[in-house]
Amino acid sequence: MLNPIHLRTLQECVRTGSFAEAGRALGYTASAVSQQMVLLERAIGATLFERSARSARSTALALRLADRSRDALGALDALEREVRAMVAGEEGSLRLASFATANARVLPDVLAAVVAQRPNAEVQLDEGEPDEVLSGVLDGVLDAAVVFEYDLDPRQWPIELCVEELMAEPLRLALPETHQLAGAQEVELRELADDAWICTRQDTAGARSLVRLAAAAGFVPRITFRSNDYSVIRDLVARDLGVAVLPGLAIPDEHVRIARIAGWQPHRRVKALYRKQNTNPLLPIALECLAKSCASVANDWHAEPEAGVPQNTEAS
């Protein structure tokens, strides 16, 4: 295999016509230059110079090899610069995934912040429920995934993954504006035992959490509509077709009244998953931006709304 150092030395020898001059230009002794050219000649199995006491005349092969190696060494230099940039996180790629409401409320700020810090990096975002994106993190297809779990439906994440909690979304009641309890700041869940309920699909953590909340209040919820799109759930509530429990990221700012659940306050917890062995230099930047964006969004929930007044947040 040809040694790039020897090829660079060859180019200088061809240019100057002297091992001594080439050595002075490169910071080598004439003896070191001569040894490099001997090793290069052994590697290719041919003579490159007609040597004399005062000069080293390049053969036709040396001229050809020096000329052809310029492009190869230029490409190698470019590769070295690219690798250094990737190691420093200035270039490279970052692959993230998250669920819909976080994509609407959290990820835009995160992506903008990462791109602002590393404008030459390629940043990708996909969308999916926790179980849909988990395999991508485990397989290394994704650098990190933003997922959720409910207090009332806890789960164990694979031990080979790092799990960082980003924020805890409060669960709130969504009531039609015409509902008799629409003006209340807090509502006892059992007061809604006879209402129609709207929630996510039956096999989801949100639906299981609703059933367990209701069971603790002494009733089985009568679920009339199901959708995994919280904008659909909000619209159905706004049209007086039922009530719902919404996580913080899905709380609207109009047409629906929001109330706290009296007593114990359940949460949906937003977490970041990534492999312990992931050495992507862009990942720590993304995790820091995620933490800041989630903290900013969570600040909206620290001040409780006045009775019956919708919170000033929105989501898709």
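Guide: Helix α1 (residues 4-16) packs with helix α2 (residues 19-26) at an angle of about 125 degrees, and their axes are 8 Å apart. This is a predicted model: local features need pLDDT of at least 70, side-chain atom pairs count only at pLDDT 80 or more, and totals for chains, interfaces and linings use all residues. Residues are numbered from 1 along each chain as its sequence is written, and side-chain values use heavy atoms, with hydrogens and water left out.

Visitor: Are α1 and α2 oblique or perpendicular to each other?

Guide: Oblique, therefore, given that angle. Under 35 degrees counts as roughly parallel, over 145 as roughly antiparallel, 65 to 115 as roughly perpendicular and the rest as oblique. Axes are lines fitted to C-alpha atoms over the stretch in contact, with angles from 0 to 180 degrees between N-to-C directions.

Visitor: Which residues of α1 and α2 meet?

Guide: Arg8, Thr9, Glu12, Cys13, Arg15 and Thr16 in α1 meet Phe19, Glu21, Ala22, Ala25 and Leu26 in α2. Contact means heavy atoms within 4.5 Å. By class, that contact has 5 nonpolar, 2 polar and 4 charged residues.

Visitor: And how do α2 and α3 pack?

Guide: Helix α3 (residues 30-44) and α2 pack at about 105 degrees, with axes 8 Å apart, so these two are roughly perpendicular. Phe19, Ala20, Ala22 and Gly23 in α2 meet Ala30, Val33, Ser34 and Met37 in α3. The classes there are 6 nonpolar, 2 polar and no charged.

Visitor: Switching topic: what volume does the largest pocket have?

Guide: About 480 Å³. On a 1 Å grid over the protein atoms alone, a pocket is an open set of points with protein on both sides within 12 Å along at least five of seven lines, a cavity is a set where a 1.4 Å probe fits but cannot get out, and lining residues have an atom within 4 Å of a point.

Visitor: Which residues lie nearest the pocket's centre?

Guide: Glu129, Pro130, Phe148, Thr204 and Asn228, out of 24 lining residues. The lining has 7 nonpolar, 6 polar and 11 charged residues.

Visitor: How many cavities of 30 Å³ or more are there?

Guide: The count is 1, and the largest cavity holds about 90 Å³ of space. Its lining has 13 residues, with Tyr150, Cys199, Gly206, Tyr230 and Val245 closest to the centre.

Conventions. Grid points are joined across faces, edges and corners, and a volume is the space filled by probe spheres set on the points. Ala, Val, Leu, Ile, Met, Phe, Trp, Tyr, Cys and Pro count as nonpolar, Asp, Glu, Lys and Arg as charged, and the others, Gly among them, as polar. Helices (H or I, at least four residues) and strands (E, at least two) are DSSP runs, numbered from the N terminus.
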